[in-house]
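Here is a short briefing on one protein model. Please keep the sequence and the structure in view while reading.

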Amino acid sequence: MSRYAAFVSVLAFGLVFTLSRGTEVSFKQDDKLCIYANIMLNFSVNYEGTNKTTQTAAFELPANVSTAGSKCGDTNSTLKLNFGDHFWMVVFSLNGSKYQADSITFSYNLSDATLFPHSVSNETANVTIKPQIKSVGVDTCYSCKSIEEIRTESVNMTLWNVLVQAFVVNGSKSENITSCSADIPSTTAAPITNTTTTASPPPPTTTPTPTLPTPTTGNYSIKQDENSTACLLADFGLRIGFGLGEKYQEINLDPTKTNVSGSCGDNSSELVLVSNSMTIHLSFASDTKKFRLHALNVTVNSSNVGSNANLSLWEASVGSSYMCNKEQNYNISDQLIIYTFNLRVQPFKITKGVFSTAEECFLDSDLSFLVPIAVGVALSFLIILVLISYLIGRRKSRTGYQSV
């Protein structure tokens, strides 16, 4: 059960994105702060339901947890976060002036009907993995804002916006930071402007990139179980542009060779697309009124080529779908661009398994034709203004000569 299926980036935590601040804990021993943690952590668990169906439970680490079982030592510390009959635990060790995380354990009780409805098992299952949190300065906080994901046979866990100090010095949280490698900009590839745009930036290499055909539009859906209708719908053609080393590359996602998984929640939903060469993880967030694409993580041949957990893309009202048929591109990070074609998504409140009324992007709207007109009018006005200024200047100049 604890066997790895995939490991993305540096950390190995859980996933599901919300608009909350996450879970913040300050564990004290002998009335002194000794462990501090502020994390965003979500879980997606597959389990056996009635009639031998495979069910998926998606839930987040609650904001209110118990730290019973946590402990601090001179060379070892344990952070244990308990919620109901479940817990999530990290064991740290200190060696000289550096510390690391030795293991992460997630324990969940399948008899909890609230999180695991229709479960045929009443057992408590455990998943243990070895994370890659290493060489953290003893008087620093480990920080990783990027999306970190790990998959085991039955559990997906994703974490982002993590801030942890496992060995607090003199009872005060440090302001110094040790950042994970995913948060450190690459110095080998030329940068791409980190903005959302509708114009493609130049690739970080002088080698011309072959023009790819328009990607095939894929139709993706997520169901809570085999007997339910879709709770997440997404149709789009997708191209990924990324810098890897000194080379810029582009790849089209082939929906016929893509495995689809994900989860649905009240305020967070996920779509995971896995092809032969890449894994694309999209996370949507809802504030009950609007939804948006909140986070995106892409790996190519097991290398993390870019992620962003602070997006506000594809926004529409909850209960509606977002649609943009025109080609769009977005700079997700310094090294990652995504191109979408024939896009339509609805991650929340789907009725009868079909898309609801669409809210169109500006490029698809009837007003988009006004943009070139407005630009033309502005340029014409500018030309007229320059011409008038020129004529006035000539007239003043000639009047001056006549006076002489």
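The protein has one helix and 28 strands, taken as DSSP runs numbered from the N terminus (helices are H or I, at least four residues; strands are E, at least two). This is a predicted model: local features need pLDDT of at least 70, side-chain atom pairs count only at pLDDT 80 or more, and totals for chains, interfaces and linings use all residues. Residues are numbered from 1 along each chain as its sequence is written, and side-chain values use heavy atoms, with hydrogens and water left out.

**Overall picture**
- Of the 404 residues in the protein, 48% are buried. Buried means under 20% relative accessible area, exposed means over 50%, and partly exposed lies in between (1.4 Å probe, protein chains only).
- Among contacts with a separation of 6 or more, 60% come from residues 24 or more positions apart. A contact means heavy atoms within 4.5 Å.

**Disulfides**
- The whole structure holds four disulfides, each a pair of cysteine sulfur atoms within 2.5 Å.
- With the bonded cysteines numbered in sequence order, the pairing reads 1-2, 3-4, 5-6, 7-8.
- Cys34 and Cys72 are bonded, with sulfur atoms 2.0 Å apart. This pair links strand β3 to strand β5 (residues 71–72), 38 residues apart. Both Cys34 and Cys72 are buried.
- The torsion about the S-S bond of Cys34 and Cys72 is about 70°, so this disulfide is right-handed.
- Cys231 is joined to Cys264, S to S 2.0 Å. Cys231 is in strand β17 (residues 230–244) and Cys264 in the loop between β19 (259–263) and β20 (268–274), so the pair ties together parts 33 residues apart in sequence.
- Cys324 and Cys361 also form a disulfide, with sulfur atoms 2.0 Å apart. The link is right-handed, with 65° about the S-S bond.

**Nonpolar cores**
- A nonpolar core is a set of buried Ala, Val, Leu, Ile, Met, Phe, Trp, Tyr and Cys residues joined through side-chain atoms within 4.5 Å.
- The largest core has 44 residues; Ile39, Phe43, Trp88, Phe92, Phe106 and Tyr108 have the most contacts inside it. Strand β3 gives the most to this core, with eight residues.
- Another core lies apart from it, with 38 residues, including Trp314 and Ile332.
- Beyond its neighbours within four places in sequence, Phe92 is in contact with residues including Leu79, Tyr99, Val164 and Phe167.

**Aromatic rings**
- A search finds 15 aromatic pairs. Rings of Phe, Tyr and Trp (its six-membered ring) pair if their centres lie within 6.5 Å; planes under 30 degrees apart count as stacked, over 60 as edge-to-face and the rest as tilted.
- Tyr47 and Phe116 pair edge-to-face, at 5.3 Å centre to centre and 85° between the planes. The pair links distant parts of the chain, 69 residues apart. Both Tyr47 and Phe116 are buried.
- Tyr108 and Phe116 form a tilted pair, 5.8 Å centre to centre with 40° between the planes.
- Ring pairs join Phe43, Tyr47, Phe59, Phe83, Phe106, Tyr108 and Phe116 into a cluster.

**Charges over rings**
- Lys80 lies over the face of Phe87, 4.4 Å from the ring centre. The charged end of Arg239 sits over the ring of Tyr339, 5.9 Å from its centre.
- The test asks for NZ of Lys or CZ of Arg within 6 Å of the ring centre and within 35 degrees of the ring normal.
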